[in-house]
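Have the sequence and the 3D view open, and follow along from pair to pair.

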Amino acid sequence: MTPIQSFLVTAVLLFAAVSALVSVVGALARASILARIRSPAVRADVVWLFGVLPPLVALVLVVCTAAPSVPAFAGIDGDHCLDHGGHGHFCPTHAPVPPMPLTVAAAMIVGWTLLRASRLVVGEWRASRRVNRLARFGRSNRTRGIEEVWVPGSPRLCHAVGWWQPRVLVSDALRRVVPVSELGAALAHEHAHHRRRDPLAILILRVAGVFQPASTARAGERQFREAAEMAADAAAAHEVGDGLLVASALVA
């Protein structure tokens, strides 16, 4: 095994260990912090922050640990490793060969991460295709800077979509079964999701979850969705002036 391969194995193991540790500790800390927060919008923001921190902390640690040897490896500075005896970092030039079990563990971690990432990409791609197909059959209008696409057909649909270009897909069938006041409350709820940028926040949270234990990632995403729904309910109730109307609209 070459030094650069040894370096990559060590980097993978360090990143995975730190990300998993921060994720588990963060999940425990998150529970106690959320118990003291009443605002659903703040709760959602706290959950999101705890969800994206683990891979960021792990990446920063790996980069900072390897940073002193990068100039030497690039040939723009002297060999930093020769300046001291005990290494406080690891480098692609003098990385020790890890034991075979650790090498196998690193390979398994990379394979499992790639599998989870591919499932995420395929799932998002399929969902995007379905949304675009529905949107092509609908007619659109803009309300408060957000595009509403009214889709023909019987299924009841009222959903905020779009990471960069916010849209709300609404089925024409709702006009026949939901009063105008309730329909306006439901749309206000979906508009609130876009003002909070919840679709993009969920995507980032799911990408960060690929690099964390699946159980803690799923728990974090579930908690974020619950808090985001409550925050959108509160925003819609404030806009229409009636919380019961919003609840009735969402049930309908």
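E221 is a buried residue, with a relative accessible area of 17%. In this predicted model, E221 pairs with R206 in a salt bridge, one of six that the structure holds. As background, side chains of opposite charge can pair when their charged atoms come close.

**Around E221**
- The closest N and O atoms of E221 and R206 are 3.9 Å apart.
- R206 is partly exposed, at 32% relative accessibility.
- A network of salt bridges links E221 and R206 with E124 and R225.

**From helix α8 to helix α6**
- E239 and R195 form a salt bridge, with their closest N and O atoms 3.6 Å apart.
- Because E239 belongs to helix α8 (residues 214-240) and R195 to helix α6 (residues 180-195), this pair joins parts that are 44 residues apart in sequence.
- E239 is partly exposed, with a relative accessible area of 35%, and R195 is also partly exposed, at 47%.

**From a loop to strand β1**
- D172 forms a salt bridge with R139, and the closest N and O atoms are 3.0 Å apart.
- D172 lies in the loop between β4 (167-171) and α5 (173-177), while R139 is in strand β1 (residues 139-143), so the pair ties together parts that are 33 residues apart in sequence.
- D172 is buried, at 15% relative accessible area, whereas R139 is partly exposed, at 45%.

Notes. Residues are numbered from 1 along each chain as its sequence is written. This is a predicted model: local features need pLDDT of at least 70, side-chain atom pairs count only at pLDDT 80 or more; totals for chains, interfaces and linings use all residues. Side-chain values use heavy atoms; hydrogens and water are left out. A salt bridge is a side-chain nitrogen of Lys or Arg within 4 Å of a carboxyl oxygen of Asp or Glu. Helices (H or I, at least four residues) and strands (E, at least two) are DSSP runs, numbered from the N terminus. Buried means under 20% relative accessible area, exposed over 50%, partly exposed in between (1.4 Å probe, protein chains only).
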